[in-house]
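Dear colleague,

Please find the structure below, with the sequence alongside. My notes on it follow.

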Amino acid sequence: MERKWWHGETAYQIYPKSFRDTNGDGIGDLRGVIQKLDYLQELGIGVLWLSPVYASPLADQGYDISDYYRIDPRFGTMDDMDELIREAKRRNIGIVMDLVVNHCSDEHEWFRKACQDPDGKYGRYFYIEKWTEGEPLPCNWRSYFGGPVWSKLPGHDDRVYLHLFHRKQPDLNWENPEVRREIYTMINWWLDKGLAGFRIDAIINIKKALPFQNYPADRDDGLSSVDNMLFEAEGVLDFLNEMSDETFRKYDAFTVGEVFNEKPEELPLFIGDRGCFSTMFDFAETVLNQGPEGWHVQKPVTAEQYKAACFASQRKARDVGFLCNIIENHDEPRGVSHYLPAGTCAGPYGAAAKKMLGGLNFMLRGLPFLYQGQEIGIENVRRERIEEVDDIAARDQYRVALAAGLSPAEAMESVNRFSRDNARTPFQWDASDNAGFSVGEPWLAVNPNYREINLAAQRGNPDSVWNFYRALIALRRNPDYRETVVYGETAPYLPERKNLMAYFRRGESQTLLVIGNFQAAEQDIPLPGNVRRVALNNLPELSIASGVLHAQAFQFAVLEI
Ligand code: TEU
Ligand code: CA
């Protein structure tokens, strides 16, 4: 495998709207990111992904772009963006922007022109079909945010357009070479500014199985999940390789794909040495227990499931390339609330367990990708009423739960477990009003626990979650361990042992054993050899006697064997 500059880095995702607001309008902005670059450098971050800051009506919080060449004034100006790229580079941080090209906004000039003349040039930029009231729609796919993927084309009673996501996110027609050309020109325009690269949004969706046809319904609504269509769509890699040749490869840019549903044999084509992307996210843990019926029937993830999913991903990527390891992102609940046993965060072992989960994920082979606030252990937020929820996915799932017969209170339970708002509450900088995020009213209410969980408090505490993350990042950079931590092979240790997640990282001349006691009960773990050094431990003590590690609740350790 070819070595790349980014392999040894730690990456970090910023959701700009909720990171830091500098002008008091309650919306995080680019100047806020610039202001916190020193913080990110201190943390040890080398790659920084910004969720979208392009001009947008924010129907899906920026994932609906109305102008790819402009910064939304709520986030700042193009000068701010240029300054951010420059200032980050000075700190050896590469800026990665979000590339959202499966769809644009219905307020994009292209779509407006398509509405004016559906048979003209811009009509062919989208998927527009003839349809009259009373007829069945061109196909029965269910949009990711609920309801059919077809909506009436504004101004035309006899046409519908396709949107796999929200109706304000019309899908771009990748089959049209003119569309692809427009996109490549735009990508290169941004790369010329000195970006390190892109995170590539929802990219598997750009290839549709055509002609449009129905799939078996998987809910009472008679619709069928887009997944069923994607399973049959062929040829996405032709588009992706063309895009890569025309753009990323020319710049040796860093690219990370948001790829769900890839076929096993395709992995090398995505992230191998000659793959279309540098890397992609490992979503094997993210999708555990998800299903077409929705959030209200989704079961909690067990330690056994989590471990098995991590190990399966390590195995599949082993000879191929690097995956990005995450416990959360802006679409998911907070990892500590989602993967740890219920009630753990608020209990006596909360801090230990948060460190354990972070450590187990961080030490896997691949690129560790932190999400803002993960480093201080931010938790899910509780909302009482659906009106307090912003997330369009959560609002849809609330309706789905009610339609399935749940009471409003029960429906809110599932919303609270999975809402994307969990990840989108403002960053908790300190114990001052609004968690130091803004002097104004935040666009989304802060998590009320910010007076206990905040960066300022954790800085001063050597045992904090934050200081533990600092130690993890430092270990990855430590010349004594770097080679093994970054490139060492992963091999499970005692994989059958319940509520234990343990694995070796084996380098040429060094073996590390990573151990996490994934439960509140203590556990005796036989060690496979003598411990030469303790590289990391999440508790003040580590009890080893006659070759047995007596692990405390949620104890985590990295041992050199
Ligand atoms: O998400 C793509 C995706 O597959 C979503 O369906 C995701 O599973 C969903 O948000 C979970 O409820 C990307 C972005 O990360 C997301 O924020 C956007 O809403 C979406 O694309 C559309 O651009
Ligand atoms: Ca602002």
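Strand 21 (residues 543-545) and strand 22 are joined by 3 bridges and run antiparallel. This is a predicted model, so please read the values below as computed from it.

Which residues of strand 22 make up the covered face, and which the uncovered one? Leu 549 and Ala 551 are on the covered face, whereas Val 548 and His 550 are on the uncovered one. In a regular strand, side chains alternate between the two faces of the sheet.

An open sheet of 3 strands has the order 6-9-8, and its pairing is antiparallel. Strand 6 (128-130) and strand 8 (150-152) are at the edges; each has a single partner strand, so one side of each lacks a neighbour in the sheet. From one strand to the next the twist averages 35°. Strand 8 is joined to strand 9 (residues 159-162) by 3 bridges, and Lys 152 stands opposite Val 160 in strand 9.

Ligand 1

There are 17 residues around ligand 1, of which Asp 60, His 103, Asp 201, Asp 331 and Arg 420 come nearest. By class, this shell has 7 nonpolar, 3 polar and 7 charged residues.

- Arg 420: an N or O atom of the side chain is 2.7 Å from an oxygen atom of ligand 1.
- His 330: a polar side-chain atom lies 2.9 Å from an oxygen atom of ligand 1.
- Arg 199: an N or O atom of the side chain is 3.0 Å from an oxygen atom of ligand 1.

Ligand 1 taken alone exposes 490 Å², and the protein buries 89% of that.

Ser 464

Ser 464 is in the loop between helix 16 (455-459) and helix 17 (465-477). Is this residue buried or exposed? Ser 464 is buried, since its relative accessible area is 4% and the cut-off is under 20%. A polar atom of the Ser 464 side chain lies 3.1 Å from the backbone nitrogen of Asn 467.

Regards

Methods: Residues numbered from 1 in each chain as written. Chains lettered and ligands numbered in written order. Predicted model: local features only at pLDDT ≥ 70, side-chain atom pairs only at ≥ 80, totals over all residues. Heavy atoms only, no water. Pairing = 2+ DSSP bridges. Helix = DSSP H or I, 4+ residues; strand = E, 2+ residues; numbered from the N terminus. Axes fitted to C-alpha atoms, helices over the stretch in contact; angles between N-to-C directions. Near = heavy atom within 4 Å. Polar contact = N/O pair within 3.5 Å; in protein donor to acceptor, adjacent residues only side chain to side chain. Areas by Shrake-Rupley, 256 points an atom, 1.4 Å probe, with all protein chains shown as cover. Nonpolar A, V, L, I, M, F, W, Y, C, P; charged D, E, K, R; others polar. Buried < 20%, exposed > 50% of the residue type's maximum accessible area, 1.4 Å probe, protein only.
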